[in-house]
Amino acid sequence: MRLLIVGTLKGQLTTATKIAMENGATVTHAEDHEQAMRVLRGGKGADLLLVDVALDIRDLVLRLEAEHIHAPIVACGITNDARAAVAAIHAGAKEYIPLPPDPELIAAVLAAVANDSRELVYRDEAMAKVIKLAQQIAGSDASVMITGESGTGKEVLARYVHTRSARAKRPFISINCAAIPEHLLESELFGHEKGAFTGAVARRIGKFEEATGGTLLLDEISEMDVRLQSKLLRAIQERVIDRVGGTKPVPVDIRIIATSNRNLGEAVREGTFREDLLFRLNVVNLKIPPLRERPADILELAQHFVKKYAEANGVPLRPISAEARRVLSGNRWQGNVRELENTMHRAVLMAHGDEIGADAIITPDGDRLDLAKTAPAVAHATMAAEQVTRALVGRTVADVERDLILETLKHCLGNRTHAANILGISIRTLRNKLNEYADGGIPIPPAGTPGEYPRMPMMGA
């Protein structure tokens with residue numbers, strides 16, 4: 001947690017600094033906006049700005065926006081002036097803290113920004129295997145690729161790896177490759193020199209330099225433009241980067257962790273992701289299973305979120321009823337842990353009585369989760385897909401391939417050329433397969449005739 005304190009409220013801000021450091025924060029000071037911007041451009045970075053309310057907070061907000069620097073601002077002042085607090089929040093501050101600072105309030109603000117409550121909560125064996133592998137490789141400097149559906153907790157696992165590495169006391173810097181426009185992402189990663197492009201009013205240190213000594217998380221790296229991937233590959237291979245508009249390489253010392261919710265192997269085949277970059281990043285792959293494939297985690301996480309949001313909202317901590325547990329366990333959780341967390345947050349707010357009942361387990365629209373209506377077409381497609389999947393389990397690839405070929409040929413009324421086109425194979429390959437099946441005594445549809453022929457059994461069914 002990196003805190004930048006902006007202002008000169010002597011004594012009061014010194015106390016705030018002491019409290020912040022006692023709560024594990026690294027603190028930097030700046031007397032005014034200009035000095036604050038120099039600190040932020042210079043690579044020290046900040047997760048939170050604590051700013052004297054007497055300063056022009058709106059001006060600071062505009063400066064940060066102009067240079068695409070993202071950090072929340074909390075205003076502070078020596079009085080409980082409500083108008084000053086309101087004005088600061090209207091100007092862009094997230095919160096107002098009166099000085100002298102209350103230790104618990106400072107600690108709460110730091111925890112909220114750092115989001116230290118993002119714990120790794122698991123019980124299912126499928127997730128335990130992933131965590132065990134993460135523990136085994138955490139102490140190395142090997143690049144790590146974390147894959148899994150959206151909402152499974154990829155960034156949480158990345159922080160887990162960092163905190164158990166030799167770099168744990170150095171920065172953990174995260175950048176979402178999908179959230180930043182392509183023309184700005186290069187500057188965000190590698191930094192830029194003054195005048196490198198329109199709006200580059202001063203030198204800016206990028207995430208690579210900011211993370212030096214620590215860990216850089218490239219979140220959703222599959223969304224990075226392929227042209228920028230070549231520069232990233234060089235940075236990883238050579239451990240040097242070039243600032244935009246720079247004239248000499250800058251050495252960096254970082255560990256790379258990347259995440260993706262897409263199949264990068266398919267992206268390589270489609271030409272949207274470099275194969276050599278994938279090899280560099282995918283030294284170790286931590287594949288997080290979706291929540292529906294780790295059922296023992298559902299209730300464990302649900303209880304964790306109930307406790308978290310009961311405390312956050314100042315409401316009684318209620319147990320989850322047996323019926324509510326059934327509803328939670330039976331849901332498919334397409335949004336994974338993120339969806340479950342939001343559902344339990346709603347449940348904490350909606351529950352009444354001594355327990356959290358099934359009536360409190362609702363969708364964002366207010367429908368009970370187990371009674372929410374699914375579009376008929378979607379439900380039918382889901383059921384059909386599950387039936388097909390179940391039918392394939394336990395069968396050999398050769399059996400499945402044979403039935404697919406023969407059923408396609410039957411659909412084409414024996415037309416070999418048409419069937420080969422549908423199957424995506426050559427007519428020669430199709431004929432060889434059919435000869436092989438005929439030699440095995442399996443009936444083959446006559447060539448090109450729509451007449452009747454013996455119905456072929458579904459082998460291995």
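Trainee: Over which residues does pLDDT stay under 50, and how should I read that stretch?

Mentor: This is a predicted model, and pLDDT is the predictor's confidence in each residue. Here pLDDT stays under 50 over residues 449-461. For that stretch the model has 18 contacts beyond four places in sequence.

Trainee: What does the chain average, and which elements have the lowest and the highest mean pLDDT?

Mentor: The average for the chain is a pLDDT of 84, and 87% of the residues score at least 70. Among the elements, the lowest mean belongs to helix α16, residues 376-392, at 52. Strand β6, residues 144-147, has the highest, at 97.

Trainee: Let's turn to helix packing. At what angle do helix α6 and helix α7 pack?

Mentor: The angle between helix α6 (residues 125-137) and helix α7 (residues 154-163) is about 35°, and their axes lie 9 Å apart. The crossing of α6 and α7 is right-handed.

Trainee: Which residues make the contact?

Mentor: From α6 come V130, I131, A134, Q135 and I137, while α7 brings L157, Y160 and V161. Sorted by class, the contact of α6 with α7 holds seven nonpolar residues, one polar and no charged ones.

Trainee: Now an annotated site. What does UniProt say about D52?

Mentor: An unreviewed UniProt entry carries the annotation "modified residue: 4-aspartylphosphate" for D52. In the model, D52 sits in strand β3, which spans residues 48-52.

Trainee: Is D52 buried or exposed?

Mentor: Buried means under 20% relative accessible area. D52 has 8% relative accessibility, so D52 counts as buried.

Key. Residues are numbered from 1 along each chain as its sequence is written. This is a predicted model: local features need pLDDT of at least 70, side-chain atom pairs count only at pLDDT 80 or more; totals for chains, interfaces and linings use all residues. Side-chain values use heavy atoms; hydrogens and water are left out. pLDDT is the predictor's confidence in each residue, from 0 to 100. Helices (H or I, at least four residues) and strands (E, at least two) are DSSP runs, numbered from the N terminus. Contact means heavy atoms within 4.5 Å. Axes are lines fitted to C-alpha atoms, for helices over the stretch in contact, and angles run from 0 to 180 degrees between N-to-C directions. A crossing is left-handed if the near helix is turned anticlockwise from the far one by less than a right angle, and right-handed if clockwise. Ala, Val, Leu, Ile, Met, Phe, Trp, Tyr, Cys and Pro count as nonpolar, Asp, Glu, Lys and Arg as charged, and the others, Gly among them, as polar. UniProt positions are given in the numbering used here, feature names are shortened, and annotations may be inferred rather than shown by experiment. Buried means under 20% relative accessible area, exposed over 50%, partly exposed in between (1.4 Å probe, protein chains only).
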